[in-house]
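Subject: Structure handover

Dear colleague,

I am passing on the structure we discussed.

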Amino acid sequence: MFYVTFGKILTMNFDLQPTLENDLIKIQPLKPTDFETLYAVANDPLLWEQHPNKDRYKREVFETFFKGAIESGGAFLVFNKQTNQVIGTSRFYGVDNNASSVTIGYTFVARNCWGKGYNKALKSLMINYAFQFVDNVLFHVGAVNVRSQKAVGNIGGKKIGEIEMQYYGEPTKLNFIYKINKMNWQEGKTTNMQRPNTDEYATFFKSYIDQTTGNNFFELFKQNTADTIEFFTNIPAQKYNYAYAENKWTIKEVLLHLIDAERVFAYRAFVGTRCDNEQILQPFDENNYVKNSHAHLRSLESLLEEFKVVRRASEMLFENITTEQSKFMAKGVSHPITPRAVGYIMIGHIQHHIKVLKERYL
């Protein structure tokens, strides 16, 4: 380990190029002799399709990228630990002692590793190491790179700002800044909103919770959000105001009901996260809410935009609660309920209604 200066900032005792490994990934310092090996991975136009610098698959452009990686003193060669094949690179840079932070970036992995956990394993490996020395890890993600934005969000990164980045030897590009705090990261690893016990909710809600499978709440929640948006987006326009029988909700009314319920459920979870022993959570008349919603006056696009906003608010609520808060028994009229039970109910409630729509409306 060593001390190194970046401008006027003196870093802490932080080795920027350790050799590390976990079950899926091994990283080791990038060397000048690694160019051809790494370029064999980078020479793929589709790899850079959403990246701000889409020409990095070209040899002359990648040569500049590689030179910057070597000169950074913090770049890695990334291996698939099981096959020992090189699958990409990443690097540490911008250690800031005042902010107790380091940035992870310039990451890419081969497309045949996408969706298989390698990118997440790589980031987790580097984050776990970094948190031995700093309290915050930052990511710079291209403003047009939606895939990478989702990947960072999926591991708990929160957008905190924007920056014009001057890449080594490349044009300046707008990047989003994401941050992961050490406390939130460690807490997320500890609890991840574990599935509730059966005494944490009323029997009525069991059918909703049974709609969910798995224990990774945040992955389930994000996937549920994405699936819901995709489902309603693909419904033919002529079906929006359709109801399969008299006095049944239309498709737009169902979507607005999901929005209403999201707000109600989020409030119930909020009461629990604040350990409120006085508030008694009341039921709500969903039919009366729908009757007075005027959903027929709304466009589907407007409803989906509102759904995204309330969903993100719910997600942020759950992202920032402790293990103890997630298990607090808030008072209900018929039965107490915990925030983590509410979280799983929210997922199952939407899945229930989508199932009904598929069976009776489409």
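Predicted model: local features only at pLDDT ≥ 70, side-chain atom pairs only at ≥ 80, totals over all residues.

Helix 8 (residues 251-273) packs against helix 12 (residues 339-360) with 9 Å between the axes and an angle of about 170°. Angles over 145 degrees count as roughly antiparallel, so helix 8 is roughly antiparallel to helix 12. On the helix 8 side, the contact includes Ile251, Leu258, Phe265 and Arg268, and on the helix 12 side it includes Pro339, Met346, His349 and Leu357. By type, the residues of this contact are 13 nonpolar, 5 polar and 2 charged.

The second pair is helix 7 and helix 10 (residues 300-319), whose axes cross at roughly 180° and come within 11 Å. These two helices are therefore roughly antiparallel as well. Among the residues that meet are Phe217, Phe221, Lys222 and Phe232 in helix 7, and Leu304, Phe307, Arg311 and Glu315 in helix 10. The contact of helix 7 with helix 10 divides into 9 nonpolar, 5 polar and 5 charged residues.

Thr213 sits in the loop that links helix 6 (206-209) to helix 7 (217-233). With a relative accessible area of 61%, Thr213 is exposed, because the cut-off for that label is over 50%. Apart from neighbours within four places in sequence, Thr213 contacts Arg195 and Leu220. Arg195 is 18 residues from Thr213 along the chain, and their C-alpha atoms are 9.4 Å apart.

Best regards

Technical notes: Residues numbered from 1 in each chain as written. Heavy atoms only, no water. Axes fitted to C-alpha atoms, helices over the stretch in contact; angles between N-to-C directions. Helix = DSSP H or I, 4+ residues; strand = E, 2+ residues; numbered from the N terminus. Parallel < 35°, antiparallel > 145°, perpendicular 65-115°, else oblique. Contact = heavy atoms within 4.5 Å. Nonpolar A, V, L, I, M, F, W, Y, C, P; charged D, E, K, R; others polar. Buried < 20%, exposed > 50% of the residue type's maximum accessible area, 1.4 Å probe, protein only.
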